[in-house]
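Subject: Structure handover

Hello,

Here is the structure for you to look over. Please open it first, then read my notes.

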Amino acid sequence: MQGNNLDIEKFGEIIDGFLEENHVQMLLDMPEGTRDVTITDNTGMGPTVRLYILTNAMVRSITALEKMSGCSLDRKFVRAILGMIEGEIMKGKGVKK
């Protein structure tokens, strides 16, 4: 990074610092009969920060899955999870495989 330019690494550091320095809460609500999730958080910082929070939550969820299953996660498994997420994002945007 040069000067005062904000690159993705610096932005990530700022968001990570914010998340570490604050008590962050997020509520996910998925009403019965739908997969339409409503997200509420206490940061008031919008969808970018929500993505960072959800990324941290995914890491914790995958680690818990690894412990529960007794398996050691590898890149193939992680890629499969990321592919599943990609598929859901694309489906939500109306993009077919």
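Below are the notes on the fold, a helix pair and a pocket.

This is a predicted model: local features need pLDDT of at least 70, side-chain atom pairs count only at pLDDT 80 or more, and totals for chains, interfaces and linings use all residues. Residues are numbered from 1 along each chain as its sequence is written, and side-chain values use heavy atoms, without hydrogens and water.

**Fold.** The protein chain has 3 helices and 2 strands. Their order from the N terminus is α-β-β-α-α. Helices (H or I, at least four residues) and strands (E, at least two) are DSSP runs, numbered from the N terminus. The C-alpha trace spans about 45 × 35 × 30 Å along its principal axes.

**Helix pair.** Helix α1 (residues 8-21) packs on helix α2 (residues 47-69) at an angle of about 70°, with the axes 11 Å apart. Axes are lines fitted to C-alpha atoms, for helices over the stretch in contact, and angles run from 0 to 180 degrees between N-to-C directions. So α1 is roughly perpendicular to α2 (65 to 115 degrees). From α1, the contact (heavy atoms within 4.5 Å) uses F11, G12, I15, D16 and L19. From α2, T48, V49, Y52, I53 and N56 take part.

**Pocket.** A pocket here is an open set of points on a 1 Å grid where a 1.4 Å probe fits, with protein on both sides within 12 Å along at least five of seven lines; lining residues have an atom within 4 Å of a point. The largest pocket is lined by 22 residues. L51, L54, M58, I85 and I89 lie nearest its centre. Helix α2 gives the largest share of that lining, 11 residues.

Best wishes

Key. Angles under 35 degrees count as roughly parallel, over 145 as roughly antiparallel, 65 to 115 as roughly perpendicular and the rest as oblique.
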